Amino acid sequence: MIRMFTTNIVRELTELGGSWKMLQLSEKDEVVKEYMAVIPSCWESMRGLENFRGHCKYSRAVQTKAGNYRLIFNGVSHTANVYFDGVHIGYHYGAYTPFDIVLPNVSQGEHILEVVADNRFSEGSTLHIPNDYRSWGGITRPVVLEKISDAFIRYIHVTTKQTDAGWDADIEIAVNNVSAKDNTLNAKVTIEGQTVEFDKITFTDGVCKLNATLSFEKVEAWCQENPALYMARAELICDGKVIDDLNERFGFREVKVVGRDILVNGRAIYIKGFNRHEEFGVLGNAVPENAMAMDLDIIASTGANLVRTSHYPNDERFLDLCDERGFFVWEESHARQIYAKKMSHPNFKVQAGACIDEMIINHYNHPSIIMWGLLNECESYTDIGRDAHVFHYDRIKSLDKSRPVTAAANKFFKDICHDLPDILSFNVYPQWYYDHEPVDFVNRLEEYARQQKDIDRPILISEFGAAAIYGYRAFSAVKYSEDRQADILKSLIETFYGMDNVSGMIIWMFADGRVDNTFVDWNSRPKTQNNKGVVDIYRRPKMSYYTVSDLFNKMANYVDEKENKK
Ligand code: ADA
């Protein structure tokens with residue numbers, strides 16, 4: 001499954017799942033061992049490769065007709081080199097965003113597709129570094145082979161705005177040329193029975209962007225309580241025949257920041273969320289849809305209304321489920337605790353920029369995504385750190401002006417980037433890493449931030465929490481006991497909820513998750529896991545799951561309800 005809805009009727013799609021041959025390779029590219037791998041998967045869920053950090057070559061046969069084809073890889077971790085009939089056809093860095101390769105004029109018959117996936121750390125890898133989550137290895141998200149015509153629709157972006165009469169939908173369609181001549185194609189896009197047509201489109205550098213605005217009076221807004229979704233359908237027509245198509249799903253939803261409030265469709269929301277790593281038990285980050293749905297069922301049962309995709313773009317099927325279930329999402333480009341050494345590498349802006357581009361171009365239409373995040377706890381107190389932050393904010397805002405942008409910060413009173421975010425977000429760990437009194441600490445942080453930009457802005461507690469080993473109970477409620485974790489979360493949830501200048505809180509973390517064996521703080525990660533989940537790695541609830549559920553379910557979803565839900 002690629003998306004949770006049908007994306008094409010005319011364009012032929014084949015999911016390249018099933019069994020692929022997999023060769024574990026040595027540092028000298030010699031074959032160490034041959035495996036059969038079911039794709040998508042992490043090799044860490046294969047016996048003997050649980051800790052493997054290296055590279056493997058996957059291969060399988062694909063059958064094609066004669067014509068143009070397009071390969072789409074939704075996630076290869078963390079670097080991919082792709083070969084078709086032995087010819088190198090593509091390279092991609094970054095495990096968490098899709099990439100595609102167009103193959104013009106393929107001959108009919110059987111071809112060999114090979115993918116070398118590599119999860120090694122290196123001097124040139126600036127985003128995948130030893131970290132408090134594992135950089136997995138493998139073809140970890142679905143692969144799709146598309147038969148395409150002389151041109152294809154790469155994306156449809158729909159930006160919705162409330163008007164006095166209802167809603168406007170600003171539409172942008174991007175068409176990529178493969179071999180079509182100019183003026184031979186027409187295009188059209190339809191939403192809720194309204195159609196816009198574009199005649200004799202022309203290409204510039206192989207791409208044609210088409211824009212239109214449609215107005216609607218009787219559509220339902222997308223919101224938590226009623227996550228109404230609509231389809232936009234685009235078609236490419238040549239000589240009266242539809243040669244390509246694309247269906248995209250979106251919602252009529254508008255996000256704004258006004259003073260201290262985050263408004264969704266004009267109403268100030270109160271955020272109660274979880275930070276979630278994309279990982280499930282022994283499956284690593286190759287999470288199947290039903291496990292994604294299970295996580296959202298558990299998160300919904302707590303009364304939470306937001307998921308932060310800490311610290312990288314997520315699988316689009318998960319975002320589809322968030323759209324369908326009315327969750328808010330803070331999606332962020334890939335980065336955690338990156339400092340000047342990596343920021344000054346020539347690869348950094350190339351790798352970070354590509355991640356941002358691919359995240360926004362592919363995830364633009366998800367109504368659940370109400371903000372973009374960047375550079376979690378990265379260097380923000382030096383010129384190079386500020387340059388990196390400015391680069392990220394500018395890149396994101398150049399691609400999407402419809403959503404607020406933020407960064408989860410923990411450099412506190414050294415930070416020189418507090419003028420950049422639309423929303424101030426702080427990662428604070430009272431009662432776990434330090435014992436600052438939380439209200440005073442957050443108020444002093446806001447005061448410090450206002451020295452850099454003296455306006456009212458929403459404040460989010462983007463991380464707070466404590467660790468507990470599943471099953472460890474203690475009357476003493478010592479650290480790492482479930483009892484202590486529940487006590488700390490209760491105390492902090494009640495404290496932050498009582499602060500009128502805080503627009504919400506996001507617990508670190510939803511589920512325990514595996515960390516890299518070489519992560520610098522591994523010695524504070526029993527079982528080589530981050531144990532701050534309210535459920536363990538297998539989604540078994542700790543005491544804190546019940547504590548959070550008891551609190552979040554009684555708390556407001558909107559600021560104007562808070563008074564009655566103290
Ligand atoms: C930081 C970081 C998280 C995680 C957390 C922790 O806030 O953003 O990725 O490492 O600390 O568990 O200490």
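Predicted model: local features only at pLDDT ≥ 70, side-chain atom pairs only at ≥ 80, totals over all residues.

Select H78 to start: H78 sits in the loop between β6 (76-77) and β7 (79-84), where strands are DSSP runs of E with at least two residues, helices are runs of H or I with at least four, and both are numbered from the N terminus. Residues are numbered from 1 along each chain as its sequence is written, and side-chain values use heavy atoms, with hydrogens and water left out.

Next, jump to N265, in the loop between β21 (261-264) and β22 (267-268). N265 isn't a glycine, yet has a positive phi of about 55 degrees. For context, most residues other than glycine have a negative phi, and most peptide bonds are trans.

Another cis bond is at W508 to M509, with omega near 10 degrees; M509 is in the loop between β30 (504-507) and β31 (513-514). Keep W508 selected and show the ligand: one of the ligand's oxygen atoms is 3.3 Å from an N or O atom in the W508 side chain (a polar contact is a pair of N or O atoms within 3.5 Å; within protein, one must be able to donate a hydrogen and the other to accept it, and residues adjacent in sequence count only if both atoms are side-chain atoms).

What else surrounds the ligand? There are 13 residues, the closest being D132, H311, E377, Y433 and E463, counting a residue when one of its heavy atoms lies within 4 Å.

Last stop: select helix α7 (residues 482-497) and helix α8 (residues 543-552), whose axes come within 8 Å and cross at roughly 20 degrees. Axes here are lines fitted to C-alpha atoms, for helices over the stretch in contact, and angles run from 0 to 180 degrees between N-to-C directions. That angle makes α7 roughly parallel to α8 (under 35 degrees; over 145 is roughly antiparallel, 65 to 115 roughly perpendicular, the rest oblique). Show side chains at the contact (heavy atoms within 4.5 Å): L489 and I493 are among the α7 residues there, with V548 and L551 among those of α8.
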